[in-house]
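Dear colleague,

Please find the structure below, handed over for your records. My notes on its charged and aromatic contacts follow it.

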Amino acid sequence: MENLPDNPHPHAHLRASDVDRDQVVDVLRDALMSGRLTQDEHADRLEQTLQAKTLGELEPITRDLIVPGQAAPIAPMTQPAAAASTSLVPIEEPADPAASQDNLVAIFGGGERKGRWRVKRRTNALAVFGGHDLDMTDAVFEGREVTIYAVAVFGGIDITVPEGVTVRNEGIGIFGGFAAQGSDAPDPNAPTVVIKGLALFGGVGGQSSAKRHGKKFKHRNRHELH
């Protein structure tokens with residue numbers, strides 16, 4: 001990528017949002033599946049995407065992948081103000097939505113999140129010969145929609161969501177499994193968890209707390225952190 005022409009993005013100075021990164025991730029995924037990128041090239045550019053802070057850092061990652069006449073996958077976006085939540089699953093909007101991001105890495109090891117923890121608007125979880133267990137049953141969500149970008153290479157990532165939460169599974173499995181399910185009775189006021197990423201000789205799975213713990217969501221006030 002060092003030999004690409006210097007054609008800076010007109011909004012290069014602006015901070016990149018999760019939506020901007022997701023658009024680049026989608027382009028990279030399509031390039032991998034179509035053979036335009038090798039697995040090593042895809043992994044390298046994916047790492048650059050997850051670490052990018054501005055649109056200027058994102059733009060070169062897909063510069064040689066954009067088909068002539070096709071719109072570039074980077075565009076600054078403004079987010080509408082969120083209405084007050086009426087969900088039984090606690091939602092607390094962060095003071096700085098752009099900073100609502102978490103990075104979890106497990107290499108030849110494991111990581112666990114459970115209890116009263118905060119689910120950021122974007123969580124990047126990487127498991128290489130290791131695993132992550134993300135139990136959101138009693139967690140506080142920092143948005144009505146949160147994204148888990150899960151990459152499991154010879155490893156596993158397990159995600160548990162509260163009752164009422166909707167799960168959208170948008171990941172792919174290559175010699176591995178990528179499957180996640182939410183609640184059987186989704187609550188329209190509850191958060192949505194979007195699970196994206198790649199399972200390569202590994203697995204990414206998701207389930208509701210009722211299926212995992214054998215109990216239904218308790219209707220109680222969970223909005224106060226301990």
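Arginine 63 forms a salt bridge with glutamate 59 in this predicted model, and their closest N and O atoms are 2.5 Å apart. A salt bridge here is a side-chain nitrogen of Lys or Arg within 4 Å of a carboxyl oxygen of Asp or Glu. Both arginine 63 and glutamate 59 are buried, where buried means under 20% relative accessible area, exposed over 50%, and partly exposed in between (1.4 Å probe, protein chains only).

Two conventions apply throughout: residues are numbered from 1 along each chain as its sequence is written, and side-chain values use heavy atoms, with hydrogens and water left out. As the model is predicted, local features need pLDDT of at least 70 and side-chain atom pairs count only at pLDDT 80 or more, while totals for chains, interfaces and linings use all residues.

Salt bridges

The count of salt bridges comes to 18. One of them joins arginine 121 to glutamate 93, with the closest N and O atoms 2.2 Å apart. Arginine 121 lies in the loop between strand S3 (118-119) and strand S4 (122-128), and glutamate 93 in the loop between helix H3 (55-58) and strand S1 (101-107), so the pair ties together parts that are 28 residues apart in sequence. Helices (H or I, at least four residues) and strands (E, at least two) are DSSP runs, numbered from the N terminus. Glutamate 93 is partly exposed, at 36% relative accessible area. Elsewhere, salt bridges with shared partners join Asp22, Arg122, Glu145, Arg168, Glu170 and Lys196 into one network.

A further salt bridge links aspartate 18 and arginine 21, whose closest N and O atoms are 3.2 Å apart. Both residues lie in helix H1 (residues 18-34), three residues apart, or about one turn of the helix. Aspartate 18 is buried, with a relative accessible area of 18%, and arginine 21 is also buried, at 4%.

Aromatic pairs

There are four aromatic pairs. Rings of Phe, Tyr and Trp (its six-membered ring) pair if their centres lie within 6.5 Å; planes under 30 degrees apart count as stacked, over 60 as edge-to-face and the rest as tilted. The rings of phenylalanine 108 and phenylalanine 129 have centres 5.0 Å apart and planes at 5°, so this pair is stacked. Phenylalanine 108 lies in the loop between S1 and strand S2 (110-113) and phenylalanine 129 in the loop between S4 and strand S5 (131-135), so the pair ties together parts that are 21 residues apart in sequence. Phenylalanine 108 is exposed, at 66% relative accessibility, whereas phenylalanine 129 is partly exposed, at 43%.

Phenylalanine 129 also forms a stacked pair with phenylalanine 154, at 5.0 Å centre to centre and 0° between the planes. Phenylalanine 154 lies in the loop between strand S7 (145-153) and strand S8 (156-161), so this pair ties together parts that are 25 residues apart in sequence. Phenylalanine 154 is partly exposed, at 42% relative accessibility. Ring pairs link Phe108, Phe129, Phe154, Phe175 and Phe201 into a cluster.

Yours sincerely
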